[in-house]
Amino acid sequence: MKQKTLEYLESHQSETPSQWREEAEWRRDNREWLHYSKRIAVMLLSYMKREHLTQSAMAKRLDCTQQYVSKILKGTENLSLETLAKLESAMGERLIVC
């Protein structure tokens with residue numbers, strides 16, 4: 001039975017190795033800025049829902065692509081100060097308080 005199970009698992013294993021460990025380590029190493037990025041993503045999504053804006057419409061306000069807005073909304077984009085300033089200007093609210 002054990003041999004059959006091993007054969008089954010080997011025949012169904014992926015040809016490319018899993019990257020889960022590297023991804024988990026990356027998330028651990030970048031935990032601090034990811035926390036802020038996710039909070040900003042939630043604030044942006046709330047704003048877009050409140051204003052009935054699509055990603056494309058938000059992209060026009062930010063002068064960027066819809067794909068970049070999508071990246072921001074995933075909460076894993078390391079945002080520059082310039083992008084943060086554009087977001088605050090487009091939304092009319094503060095995202096970071098100093």
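Ile96 comes out as partly exposed, because its relative accessibility is 34%, and buried would need under 20%. This is a predicted model, so please take every value as computed from it. Ile96 sits in the segment after α6. Leaving aside residues up to four places away in sequence, Ile96 touches Leu84 and Glu88. Take Leu84: this residue and Ile96 are twelve residues apart along the chain, and their C-alpha atoms are separated by 8.3 Å.

Now to α6 itself, and how it packs with α4. Two packed helices are described by the angle between their axes and the distance between the axes. Here α4 covers residues 55-62 and α6 covers residues 81-91. The angle is about 110 degrees, and the axes are 9 Å apart. That angle makes α4 roughly perpendicular to α6, since the range for that term is 65 to 115. The crossing of the two helices is right-handed.

Which residues meet? On the α4 side they are Met58, Arg61 and Leu62; on the α6 side, Lys86, Leu87, Ala90 and Met91. Sorted by class, this contact has five nonpolar residues, two charged ones and no polar ones.

Last item, the aromatics. The count is one aromatic pair. Trp26 and Trp33 form that pair, with 5.9 Å centre to centre and 85 degrees between the planes, an edge-to-face arrangement. Are these two tryptophans buried, exposed or in between? Trp26 has a relative accessible area of 39%, so it is partly exposed. Trp33, at 22%, is partly exposed as well, because buried means under 20%.

Methods:
Residues are numbered from 1 along each chain as its sequence is written. This is a predicted model: local features need pLDDT of at least 70, side-chain atom pairs count only at pLDDT 80 or more; totals for chains, interfaces and linings use all residues. Side-chain values use heavy atoms; hydrogens and water are left out. Axes are lines fitted to C-alpha atoms, for helices over the stretch in contact, and angles run from 0 to 180 degrees between N-to-C directions. Helices (H or I, at least four residues) and strands (E, at least two) are DSSP runs, numbered from the N terminus. Angles under 35 degrees count as roughly parallel, over 145 as roughly antiparallel, 65 to 115 as roughly perpendicular and the rest as oblique. A crossing is left-handed if the near helix is turned anticlockwise from the far one by less than a right angle, and right-handed if clockwise. Contact means heavy atoms within 4.5 Å. Ala, Val, Leu, Ile, Met, Phe, Trp, Tyr, Cys and Pro count as nonpolar, Asp, Glu, Lys and Arg as charged, and the others, Gly among them, as polar. Buried means under 20% relative accessible area, exposed over 50%, partly exposed in between (1.4 Å probe, protein chains only). Rings of Phe, Tyr and Trp (its six-membered ring) pair if their centres lie within 6.5 Å; planes under 30 degrees apart count as stacked, over 60 as edge-to-face and the rest as tilted.
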